[in-house]
Amino acid sequence: MAPPAFKRSDRVAGEVRDVVTALLREKVSDPRLKGVYVTRVEMPRDMHVAWVGWHFLTDVAPARVEAAEKAFKKADGLFGAAIARVLKMKRVPSVAFRYDSGIDHERHIEALLAGDAPKAPAENKDPDAEQ
């Protein structure tokens, strides 16, 4: 018999992603979470914690990222209760939100390749300069 195409933890992670996305779209009214979307959900095989990666639809300042992280912590109970209702598991995974900085890195690389981003400061090559 062939092994299943997906692990159970992958299926549960997909359910968690769907629940969190729906809550962000329909229930959460905190303005600090406006424009946030879920990029991925990672879950280890033991399914004790679901790591939810998130990002903003537009580029934002680091202060807004910090404010959104605080809003996620404040709404932790709302997300946990909704996930428990949908999953109906004996042990519901806890949810941990973390900012997905990979998208910022990707945008920076694309800007560098396009020639639009500032490059890192060049090292001083002047032999007469003080060291």
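**Entry 1: Basis**

I noted that this is a predicted model, in which local features need pLDDT of at least 70, side-chain atom pairs count only at pLDDT 80 or more, and totals for chains, interfaces and linings use all residues. Residues are numbered from 1 along each chain as its sequence is written, and side-chain values use heavy atoms, with hydrogens and water left out.

**Entry 2: Elements**

I listed four helices and three strands, which run α-β-β-α-α-β-α from the N terminus on. Helices (H or I, at least four residues) and strands (E, at least two) are DSSP runs, numbered from the N terminus. Of the 131 residues, 32% count as buried. Buried means under 20% relative accessible area, exposed means over 50%, and partly exposed lies in between (1.4 Å probe, protein chains only).

**Entry 3: The sheet**

I traced an open, mixed sheet of three strands in the order β1-β2-β3. Because β1 (36–42) and β3 (94–99) stand at the edges with a single partner strand each, one side of each is left without a neighbour in the sheet. Neighbouring strands are turned by 30 degrees against each other on average, direction ignored. Strands of a sheet pair through backbone hydrogen bonds, either parallel or antiparallel. Strand β2 (residues 49–56) pairs with β3 in the parallel sense over six bridges; two strands pair if DSSP finds at least two bridges between them. I looked up Val52 and found its bridge partner in β3 to be Phe97.

**Entry 4: Helices on the sheet**

Helix α4 (residues 102–114) packs on the sheet and touches β1, β2 and β3, its direction making about 40 degrees with that of β2. Helix α2 (residues 62–74) lies across β1, β2 and β3 and runs at about 145 degrees to β2. Axes are lines fitted to C-alpha atoms, for helices over the stretch in contact, and angles run from 0 to 180 degrees between N-to-C directions.

Is Ser9 buried or exposed? Ser9 lies in helix α1 (residues 8–26) and is buried, with a relative accessible area of 3%. Ser9 touches Met43, Pro44, Arg45 and Met47, not counting residues up to four places away in sequence; contact means heavy atoms within 4.5 Å. Arg17 is also found in helix α1 and counts as partly exposed at 38% relative accessibility. With the same exclusion of residues up to four places away, Arg17 touches Val38 and Val41. The C-alpha atoms of Arg17 and Val41 are separated by 6.0 Å, although the residues are 24 apart along the chain.

**Entry 5: Salt bridges**

I found six salt bridges in the whole structure; each is a side-chain nitrogen of Lys or Arg within 4 Å of a carboxyl oxygen of Asp or Glu. In one of them, Glu42 pairs with Arg98, the closest N and O atoms being 3.2 Å apart. Glu42 lies in strand β1 and Arg98 in strand β3, so the pair ties together parts that are 56 residues apart in sequence. Salt bridges that share partners join Arg40, Glu42, Arg98 and Asp100 into one network. Arg32 and Asp30 also meet in a salt bridge (2.8 Å, N to O).
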